[in-house]
Each structure stands twice: as structure tokens, then as C-alpha cells.
Amino acid sequence: MIGIDVLEIKRIKNLAKDEKKLNKIFTKNEIEYFKKYKDNAERVCGFYCAKEAIKKALCCPNNLSFLDIEITHEQNGKPVVNIDKKLYNINNIEISISHSKTVAVAICLVN
Ligand SMILES: CC(C)(COP(=O)(O)OP(=O)(O)OC[C@H]1O[C@@H](n2cnc3c(N)ncnc32)[C@H](O)[C@@H]1OP(=O)(O)O)[C@@H](O)C(=O)NCCC(=O)NCCS
């Protein structure tokens, strides 16, 4: 299964500055990652797209909250999805994220 999402970074600028709102969507580790970057809206937007793409690839299960998904990175920077695979009956999940100054995009493959 496959999912994709694209989002304009300007739509996420306010969210990226609001820790209270960030906490409702992103895990502590994800927020720590954002804090490494001075202008982090691109990163926040990329992760948001990634979570939307994952939801689509999983066919939008009702019980799936953004906080059930955590995105981390391998040492080389490759994004990794941490999710309860048994709960969603999947073996493998892959994402790819890209961002420019104006948009972010993410794609997710699940099997
Ligand atoms: C990694 C690389 C492809 C990123 O491309 P870019 O044009 O600079 O930036 P993009 O906006 O398209 O992508 C950024 C996203 O790439 C992802 N990424 C970083 N390193 C990655 C890697 N090694 N493999 C796959 N994805 C990677 C991250 O998710 C990052 O976004 P995030 O930090 O918000 O999670 C680029 O820096 C590069 O060519 N690095 C050296 C070679 C390399 O490692 N290639 C990976 C191919 S498997």
C-alpha cells in the first residue's frame, strides 16, 4: 500500500512555534529533533506530511493518532517510522521526506 502528502510550509509556520500544539501531534523525540534547527518549519512540515502519508498508506484507521507514529532517523539521516506493526497488521513501513523553502512532501510504502 502507498500514501503521499504535500503541504505548503507557510501553513505550518504558526504550529512550528507553538509547543502546546506541537505536543498534540509530535512525540518528545520528534520535538527534540525540530529544536536542533533554528528555522524548523520545513522539518515540522515534512514530519506532518510523513504522518499524513502513513495514515493514507494504512487506509486511515480510525484508531490511529499522530502520536501513535514516531519518526526518527538512522545515523545517515534516513527517516524511520516507529509504529506498532502488529496492531496495524503490517510487516514493513518505509517513508521518504523532501522539503524546499515553500513545500514539503512525503511518501509512505507499507506491506
Ligand atoms: C540525504 C539527501 C538525499 C537529502 O536531500 P536534500 O535535497 O538535501 O534534502 P530533501 O529536502 O530532499 O530531503 C531531506 C530529507 O531527506 C531525508 N534523508 C536524510 N538523509 C537521508 C538518507 N541517507 N536516506 C534517505 N533519506 C534521507 C530526511 O527525512 C530529510 O528530512 P528530515 O530531516 O526533515 O527528516 C542529500 O543530503 C544527499 O544526497 N546526501 C548524501 C547521499 C545520501 O546519503 N543519499 C541517500 C540515498 S539512499
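Sorted by residue type, the shell around the ligand holds two nonpolar, five polar and two charged residues; here Ala, Val, Leu, Ile, Met, Phe, Trp, Tyr, Cys and Pro count as nonpolar, Asp, Glu, Lys and Arg as charged, and the others, Gly among them, as polar. The shell is made up of Arg-43, Gly-46, Asn-76, Gly-77, Lys-78, Pro-79, Ile-97, Ser-98 and His-99, where a residue is near a molecule if its C-beta atom, placed from the backbone, lies within 6 Å of it. This is a predicted model, in which local features need pLDDT of at least 70 and side-chain atom pairs count only at pLDDT 80 or more, while totals for chains, interfaces and linings use all residues. Residues are numbered from 1 along each chain as its sequence is written.

Two elements, helix H4 (41–57) and strand S4 (93–99), each put at least two residues into this shell. S4 gives the largest share, namely three residues. Helices (H or I, at least four residues) and strands (E, at least two) are DSSP runs, numbered from the N terminus. On that basis the chain has four helices and five strands, which run β-α-α-α-α-β-β-β-β from the N terminus on.

S4 also belongs to an open sheet of three strands, ordered S1-S5-S4 with antiparallel pairing; two strands pair if DSSP finds at least two bridges between them. Strand S1 (2–8) and S4 sit at the edges with a single partner strand each, so one side of each has no neighbour in the sheet. On average, neighbouring strands here are turned by 10 degrees against each other, direction ignored. Between S4 and strand S5 (residues 103–110) there are seven bridges, in the antiparallel sense, and Ser-96 stands opposite Ile-107 in S5. H4 packs on the sheet and touches S1, S4 and S5, its direction making about 150 degrees with that of S1. For these angles, axes are lines fitted to C-alpha atoms (for helices over the stretch in contact), and values run from 0 to 180 degrees between N-to-C directions.

As for the chain overall, the C-alpha trace spans about 35 × 30 × 25 Å along its principal axes. With 111 residues, a compact globule would have a radius of gyration near 13 Å, and the chain agrees with its 13 Å; the radius is taken over C-alpha atoms, and the globule rule is 2.2 Å times the number of residues to the power 0.38. Of the 111 residues, 29% count as buried, meaning that 20 or more other C-beta atoms, placed from the backbone, lie within 10 Å of the residue's own. Among contacts between residues at least 6 apart in sequence, 62% join residues at least 24 apart, a contact being two C-beta atoms, placed from the backbone, within 7 Å.

Notes: Buried ≥ 20, exposed ≤ 12 C-beta atoms within 10 Å, placed from the backbone.
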